[in-house]
Structure formats: C-alpha cells, structure tokens
Amino acid sequence: MTYKKPNPNKTYLITGAAGFIGYYLSRNLLEKGCRVVGIDNMNDYYDVRLKEKRLELLSDYDEFTFLKVDISDKQALDEVFEKYQPEIVVNLAAQAGVRYSITNPDAYIHSNLIGFYNILECCRHSYDEGNTAVEHLLYASSSSVYGANRKTPYSVEDKTDDPVSLYAATKKSNELLARSYSHLYNIPATGLRFFTVYGPMGRPDMAYYGFTQKIFAGEPIKIFNHGDMKRDFTYVDDIVGSMERMLNQPPPADEHGVPHKVYNIGNSHPEQLMYFIETLEKALSKAAGREIVAKKEFLPMQPGDVYATFADTEPLEKAFGFKPSTSIEDGLQRFADWYCEYYDVK
Ligand code: NAD
C-alpha cells in the first residue's frame, strides 16, 4: 500500500516536542527534511535533563525551531500559529500518568483541557482570512479511555464512557471536543489512542523505566495486582511509524459529514507483566554484562489501574497498511542498551 509521505514543504507544529513521543516524531520528520516547530513548557513532572537532552539532539537539525510555550497560554499559542502558520498540528503536550492524576488533578485540567481547547481554537482561527489553514490536527488520546474490565481486544467501536481516572477523563474529553470542532468548523482531526509506549529515552515515570532505576539501585520493584496484569506494550518506533503514515492523510468526512476519526495505536499483542519483567531482566543482564535479577514486592491493585490493555488495530492496518510489530524482546533490549550507556551503569 502506498501512503502520502510527510511533505517537506509543510510546517509541522508539534506540541510536547521535548517529550518522549514528541522527540521521536520530530526527529523522524526532520530526517525527511520537513520544517518542525516544537513547543513544550519543559515542566518538571520528570527529570528535565532528559527533555533538555532530547532538545539538544533535535537542535542539530536546521529545520527545527523550539519555543518554550505552555499550551494553556492562549496569547503565546496565538503568536506561534500566527508566525509559523502550520499546516499540520500534532498535539502531544499533556499531563501524562494515571496515578499522578489522583493527587494532582489541577495539572490535568490546565494542560489537557484548557491547553487542548486553546489548540482547537487556534486551529479554528487558522481559517480566518490571511492565515494558512490547518489541514490536519492529530492529537494524543490514550488506551485509558477504555476504562476497566472490558472485553478484549479494545475496539474503537466500544463504549468509552466510564473512565476510571481523571487522566482518562481528560483524554476522552479531548476526543469529544475534537469531534465537535471537526463537526462545527470542518477541521480534519485524528485522535490517537496510544497503548503503553516504551523505548530508549522514554519516560522515567513509566513502569519499565522505574523498574530499571530500582533494579540498579538494589531496591525492590513494586508489582501491582500481584503481577496479574497484561499490557499492550508498544515500541516508540511503531507509534511514530503509524503517525508518519497518518500526518498527510486527514480523515474524510464520515457518514455524518464529520472529518474526525479515532484510531488505536498499540502492539495488539498484550504481555503478562511477569513475562515483561523477566524479559527486562534478560535485556539488562545482556546490556550490563552481568546477571541481573530484580527484587520483587507484590502488592494489590491500585486505584485507577486496569487489568489488561489490548488494542484492536485492524482499522489502522486497513487505512494505512501499517501494523506495530516490534517484539518486547527487541524493544526492551534497545531500551536496556540505551539505559546502560546513558547512565553509565555496568
Ligand atoms: P511526555 O510527558 O514525555 O511528553 C509530553 C510533553 O508535553 C512533556 O515534554 C511536557 O513537558 C509537555 N507539556 C506538558 N504540559 C504542557 C503544556 N501545558 N504546555 C506545553 N507543553 C506541555 O509524554 P509522552 O509519553 O511523550 O506522551 C505524549 C502524549 O501521548 C501525551 O499526550 C500522553 O498523554 C499521550 N500518551 C502517552 C502514552 C505513553 O505510554 N507514553 C500512552 C498513552 C497516551
């Protein structure tokens, strides 16, 4: 299947560009000669040095512009849209994390609701006279919108009206807001339900990264629901590979005349948490050149957590001829090799 490759004559605005997925997407587009304007508020939810490192790597490309902007600052965002007139907008900026949303709801309302509303408003006003109209808005949603205890695999046709965390509620709200903006103002928009993304230079707040830090510190790793959990772990290159195919293919209007569509982007191959940990131990052992076994502490299920995630990716395959396929053995080895080199651990 052929697909419309990213177009070097267009400007891609990527919010959350210093973040994990934002960095990889920006790099992919820059490698293809595209102009990328990246914005990020550089918050300290996790180690800012990692965000700075990603930006440092992106600054090697002439076509990369970085602006420290918070998407909840409407005036600053207006200025970015006015100055750079992006044709493609990818909103990845958000307060991520399910557990953190239990104790820090403000951050989610601020970035995921007000910030996203501002993005939508800027897209809408790009249609005003004199501006280049946004041709496609892509935005990050999440597998968390599926809530708990659902039949698997998760299909985009499933009902998603009982989010079990505030994080999930904000992501579902994004989908609803985007749909109504698509409907009212004809803004082509695609929502991306990402499933547990991992890889080198990933997020320290996520389990695989936190486990690795604890393992090297000689501390026990906390395994919730006594290890009885399944996750559709998705390697970051597969996320970017999917997005690359979607960027220049805005959805056509659906049967209601609305150019809005939501896709699952996941590996569609859920793994038991205990197998994931075993694979991580093997990968770290190989990378560090010695046998590594994690100390394990088994705990009950945490509020906001779900038992299993499993993406039905048939619509993604049908529409774009792409299926995430990196095995956790390969993906975790790449993470482990990067980790040991970055932190100089042996
Ligand atoms: P990340 O935290 O590494 O990246 C998000 C970036 O956005 C960060 O660099 C942060 O500084 C920035 N940001 C946050 N609030 C902002 C604001 N108000 N204004 C400007 N910048 C802001 O996370 P990620 O893993 O790269 O995730 C990217 C997107 O994908 C997020 O929307 C996240 O919710 C979603 N998502 C990620 C996963 C995953 O497993 N990584 C899964 C599902 C959904």
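## Ligand shell

The shell around the ligand divides by class into 12 nonpolar, 12 polar and 4 charged residues. This is a predicted model. Of the 28 residues around the ligand, five come nearest: Gly-16, Gly-19, Ala-93, Ala-94 and Ala-140.

Three elements each supply at least two residues of this shell: α1 (20-31), α5 (105-125) and β5 (136-142). Which of the elements gives the most to the shell around the ligand? The answer is α1, with 3 residues.

## Confidence

The pLDDT of the protein averages 95. A score of at least 70 is reached by 98% of the residues. For the model, ipTM is 1.00 and pTM is 0.97. Where pLDDT is low, predicted coordinates should not be read in detail.

## Helix α9 against α7

Helix α7 covers residues 207-217, and helix α9 covers residues 273-288. The two pack at an angle of about 55 degrees. Their axes are 11 Å apart. The crossing of α7 past α9 is right-handed.

From α7, the contact uses Tyr-208, Phe-211, Thr-212 and Ile-215. From α9, Ile-277, Leu-280 and Leu-284 take part. By class, the residues of this contact are 6 nonpolar and 1 polar, with no charged residue.

## Helix α9 against α11

Helix α9 also packs with helix α11, which spans residues 328-342. Here the angle is about 45 degrees, and the axes lie 8 Å apart. This angle therefore makes α9 oblique to α11. Again the crossing is right-handed, with α9 passing α11.

On the α9 side, the contact is made by Phe-276, Thr-279, Leu-280, Ala-283, Leu-284, Lys-286, Ala-287 and Ala-288. On the α11 side, the residues are Ile-328, Glu-329, Leu-332, Gln-333, Ala-336, Asp-337, Tyr-339 and Cys-340. The classes here are 11 nonpolar, 2 polar and 3 charged residues. Leu-280 and Leu-284 of α9 belong to the contact with α7 and also to the contact with α11.

## Backbone details

Two loops hold backbone features to check in the model. The first topic is a peptide bond. Thr-152 and Pro-153 are joined by a cis peptide bond, with omega of about -5 degrees. Where does Pro-153 lie? Pro-153 is in the loop between β5 and α6 (166-185). Strand β5 is also one of the elements that supply at least two residues of the ligand shell.

The second topic is a phi angle. Asn-186 has phi near 60 degrees, a positive value in a residue other than glycine. Asn-186 sits in the loop between α6 and β6 (189-194).

Conventions
Residues are numbered from 1 along each chain as its sequence is written. This is a predicted model: local features need pLDDT of at least 70, side-chain atom pairs count only at pLDDT 80 or more; totals for chains, interfaces and linings use all residues. Axes are lines fitted to C-alpha atoms, for helices over the stretch in contact, and angles run from 0 to 180 degrees between N-to-C directions. Helices (H or I, at least four residues) and strands (E, at least two) are DSSP runs, numbered from the N terminus. A crossing is left-handed if the near helix is turned anticlockwise from the far one by less than a right angle, and right-handed if clockwise. Two residues are in contact if their C-beta atoms, placed from the backbone, lie within 7 Å. Ala, Val, Leu, Ile, Met, Phe, Trp, Tyr, Cys and Pro count as nonpolar, Asp, Glu, Lys and Arg as charged, and the others, Gly among them, as polar. pLDDT is the predictor's confidence in each residue, from 0 to 100. A residue is near a molecule or strand if its C-beta atom, placed from the backbone, lies within 6 Å of it. Angles under 35 degrees count as roughly parallel, over 145 as roughly antiparallel, 65 to 115 as roughly perpendicular and the rest as oblique.
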